[in-house]
Amino acid sequence: MTTEIKIQQARADMSGETRRRVFSGIQPSGDVQLGNYLGAIKGWADRQAEKENFFCIVDLHALTTPQDPDELRHQTRSLAAMLFAAGLDPDKSTIFIQSHVTAHAEGCWLLNCVTPVGWLERMTQFKEKADNQERVSTGLLDYPVLMAGDIILYDAHEVPVGEDQRQHVELARDIAQRFNRIYGDTFVVPEAVIPEIGGRVMGLNDPSVKMSKSFSHIRGHAVRLLDEPDEIDRSIKRAVTDNENEIRFSDDPERAGVNNLLGIYKVITDKTEAEVESDFADARGYGDLKKRVAEVVIEALTPIRERYNRLMGDVEELDRLLERGADQARAVADPKLDEVKHRMGLILPGRKG
Ligand code: TYM
């Protein structure tokens, strides 16, 4: 548990609040990689007993970049299986597909009407993604409003994400605050919860860029969650390091590769920096470092891959679990959407006033 989360937990305990509500999401596009796992999914699974959790497979967000329809359907189920395999428990967390809960798309429209377009044009991810595309869809610009709606329709207190999503969660706060100012107190203002180290896992081939699903087809960039042990071993052994041959944490950009490998080891083993460095005190150079990092990664991912394969063998059961999640999510999001509509002056069917 990071210090930040411990403080929040202590505050919640003191204020007598029962359980804090958590919302997070992940896109079913590209291969899920170690950054997604260490920056987000592992933390969701590790802490799910403490909170009331909603984890969403954001298929509507995936549509903001071109997708093959059959492939998207496959990726959506595959991601669901991966989340269950990684330890998300349907008895402790609500796991669902975004498009199954129509309040998300409707909420996005309502929030669009209180969000200045300049706020969206400033988003770093929009600028980066737009730069790489010939034609930019309106959906890509509107992406953070859909994301804000995801979060605030559930009155989530905490949004556990990797560092790259910080700006989007800040925007969700701004939108919630603006709505509350215009229409009266309606939404909880959410906070991003970002792990200190796993929050930014870097590319193995280039530790100056974050590990990303979009580059996971590039040889040696990422460890994908479903990679076989020998593939994991090869990717990690190929990882870029430096000439220092010194195994310790460092914020020197020249040593980002070694720092990244140590960070991966630290998050997977749940050890402190001092414990990690002492684990490597007897190591003979970077060869040993890579070998041991590969070992702990393989040990962590093998059971996930095995559970995943079992779950994908029973798609009906998977769909049943997702339908249960959607029912639970609707029970929270639909009444909230009605409240928002009413505050904005829409007539709710069958309701006077
Ligand atoms: P997505 O699908 O890109 O990533 C899912 C989660 O993985 C984290 N992540 C990383 N963490 C550490 N190191 C990395 N290299 C790395 N790469 C990815 C991301 O920060 C994220 O937490 N817009 C979101 C999905 C979303 C969402 C939401 C999130 C939609 N609605 C509401 C939270 C709340 C996204 O595209 O994540």
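Is Glu295 buried, partly exposed or exposed? I started my notebook with that residue, and Glu295 turns out to be partly exposed because its relative accessible area is 42%. For these words I use a 1.4 Å probe and the protein chains only: buried is under 20% relative accessible area, exposed is over 50%, and partly exposed is in between.

**Ground rules**

I am working with a predicted model, in which local features need pLDDT of at least 70, side-chain atom pairs count only at pLDDT 80 or more, and totals for chains, interfaces and linings use all residues. Residues are numbered from 1 along each chain as its sequence is written, and side-chain values use heavy atoms, with hydrogens and water left out.

**Entry 1: salt bridges**

I counted a salt bridge wherever a side-chain nitrogen of Lys or Arg is within 4 Å of a carboxyl oxygen of Asp or Glu. The count comes to 30 salt bridges.

I went back to Glu295 and found its side chain in a salt bridge with Lys291, at 3.5 Å from N to O. The two are four residues apart in helix H13, so about one helical turn separates them. Helices here are DSSP runs of H or I with at least four residues, strands are runs of E with at least two, and both are numbered from the N terminus. Lys291 is partly exposed, at 43% relative accessibility.

Next I looked up Glu228 and Arg305, whose side chains meet in a salt bridge at 3.7 Å, N to O. Glu228 lies in the loop between E5 and H10 and Arg305 in helix H13 (residues 285-312), so this pair ties together parts that are 77 residues apart in sequence. Glu228 counts as partly exposed at 41% relative accessibility, while Arg305 is buried at 10%.

Asp327 is partly exposed at 43% relative accessibility, and Arg330 is partly exposed with a relative accessible area of 25%. I also noted a network: Asp31, Arg224, Asp227 and Glu231 are joined into one by salt bridges that share partners.

**Entry 2: the ligand**

Which residues come nearest to the ligand? I listed Tyr143, Asp150, Asp164, Val201 and Lys213, out of 28 residues around it. I sorted the shell into eleven nonpolar, twelve polar and five charged residues. In that sorting, Ala, Val, Leu, Ile, Met, Phe, Trp, Tyr, Cys and Pro are nonpolar, Asp, Glu, Lys and Arg are charged, and the others, Gly among them, are polar. Strand E1 (21-26), helix H2 (34-47) and helix H8 (138-152) each supply at least two residues of the shell.

Then I checked backbone N or O atoms against the ligand. Gln27 has one 2.8 Å from a ligand oxygen, and Gly35 has one 3.2 Å from a ligand nitrogen. Gly162 places such an atom 2.8 Å from an oxygen of the ligand. The protein covers 97% of the 720 Å² of accessible area that the ligand has on its own. Accessible areas come from the Shrake-Rupley method with a 1.4 Å probe, and for residues only the protein chains shown count as cover.

**Entry 3: the surface**

I found a nonpolar surface patch made of Val209, Phe215 and Ile218, with about 210 Å² of accessible area together. Patch members have over 30% relative accessible area and no salt bridge; nonpolar side chains (Val, Leu, Ile, Met, Phe, Trp, Tyr) are joined within 5 Å, and like charges within 9 Å. Phe215 is in the loop between strand E5 (191-193) and helix H10 (229-237), and it is partly exposed at 37% relative accessibility.

Glu134, in the loop between helix H7 (124-131) and H8, is exposed at 83% relative accessibility.

**Entry 4: backbone angles**

Most residues other than glycine have a negative phi. Asn245 is in the loop between H10 and helix H11 (256-269). Asp270 also has a positive phi, near 60°. Asp270 sits in the loop between H11 and helix H12 (273-279) and is exposed, at 59% relative accessible area.

Note on methods
Near = heavy atom within 4 Å. Polar contact = N/O pair within 3.5 Å; in protein donor to acceptor, adjacent residues only side chain to side chain.
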